[in-house]
Amino acid sequence: TLAERQNEFDIINNHCLGAGIPLLGYVKTHIVSTIHESLTKEAIQRITPFKKGNFISISYAQRKPLLDLNYVANIYNAIDVNSYPMPTKPEEYLVFVGRISWQKAPHLAILTAKKLGMKLFILGKYKDKHLESEYYHKYFLPTLLDNKKNVEWLDEVDEKTVQKYFNKAIASLHPLAYSESFGLTLIEAMASGCPVIAFNRGSIPEIIENNKTGFIVEDVKEMIKAVSKIGTIDRNYCRSYTEKKFNIPRMIDEYLDTYSKILT
């Protein structure tokens, strides 16, 4: 086990928060825990007894429910931007990429497309059926069936297909209904040259540069207005911004700097 092998390491980075938290109680090797999940009441209960440990957040917004945790760094997630297609001239459609869940609220993306009379592709899986059944049957499915002419749900697709749809979409819609810690699909879209229009929740203002790589809005009405202004966004800037702020070497350097700080 990791506990038995702890002397082989200078530092242990725990990315499995729930499973790794108990180690903080008896492992003597330095441990830092990266929090990848939202700080729900249940997560706070698990973390609080160990709040003097070393923790890394993935956005400053993520910290808000538990500000007195010992945060040693905030390190944004990253992607290999070079693996994404270069920005190109878009086609006349919108895209939504994410789980079919109340948190991601794809039915609001459908309503936006309906008001605009635009094509919308939904790329995402309805996988948490034991949790999302009410949302799926009460909100998502009726809205989808009522707009079959404009909306195509492709379910879960591979990474290359996601990149292709981002690359050609006028915009990616992100109508969040909760405080998201960090949305990888946002930086994947921008890396492909696709602007993002997102509700002002959680880490959104830390990821999108408002009016430059997309628009931060409050509701469907503002999302609709933002689509009409999407031509003002430079798709090449979306990519260069992502390349500069969310690149892998930057993330690695920040982790190494944090390890050094803890060890010294």
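This is a predicted model: local features need pLDDT of at least 70, side-chain atom pairs count only at pLDDT 80 or more; totals for chains, interfaces and linings use all residues.
**Exercise 1. Work out how enclosed helix H6 is, and what covers it.**

Step 1: Residues are numbered from 1 along each chain as its sequence is written, and side-chain values use heavy atoms, with hydrogens and water left out.

Step 2: Find H6 at residues 184-191. Helices are DSSP runs (H or I, at least four residues) and strands are too (E, at least two), numbered from the N terminus.

Step 3: Check burial, meaning under 20% relative accessible area with a 1.4 Å probe, protein chains only. The buried residues of H6 are Thr185, Leu186, Ile187, Glu188, Ala189, Met190 and Ala191. That's seven of the eight residues, so H6 is largely enclosed by the rest of the structure.

Step 4: Look for the cover. It includes strands E5 (93-97), E8 (171-174) and E9 (196-199), plus helices H5 (159-168), H7 (204-207) and H9.

Step 5: See what comes next. Gly193 follows H6, and its phi is positive, near 90°.

**Exercise 2. Describe how H6 packs on H9.**

Step 1: Take the geometry. H6 and H9 (residues 235-245) pack at about 125°, with axes 7 Å apart; axes are lines fitted to C-alpha atoms, for helices over the stretch in contact, and angles run from 0 to 180 degrees between N-to-C directions.

Step 2: Name the angle. Under 35 degrees is roughly parallel, over 145 roughly antiparallel, 65 to 115 roughly perpendicular and the rest oblique. So H6 is oblique to H9.

Step 3: List who touches whom, with contact meaning heavy atoms within 4.5 Å. Ile187, Met190 and Ala191 in H6 meet Cys238, Arg239, Tyr241 and Thr242 in H9.

Step 4: Sort them by class. Nonpolar covers Ala, Val, Leu, Ile, Met, Phe, Trp, Tyr, Cys and Pro, charged covers Asp, Glu, Lys and Arg, and the others, Gly among them, are polar. The H6 and H9 contact has five nonpolar, one polar and one charged residues.

Definitions and conventions:
Buried means under 20% relative accessible area, exposed over 50%, partly exposed in between (1.4 Å probe, protein chains only).
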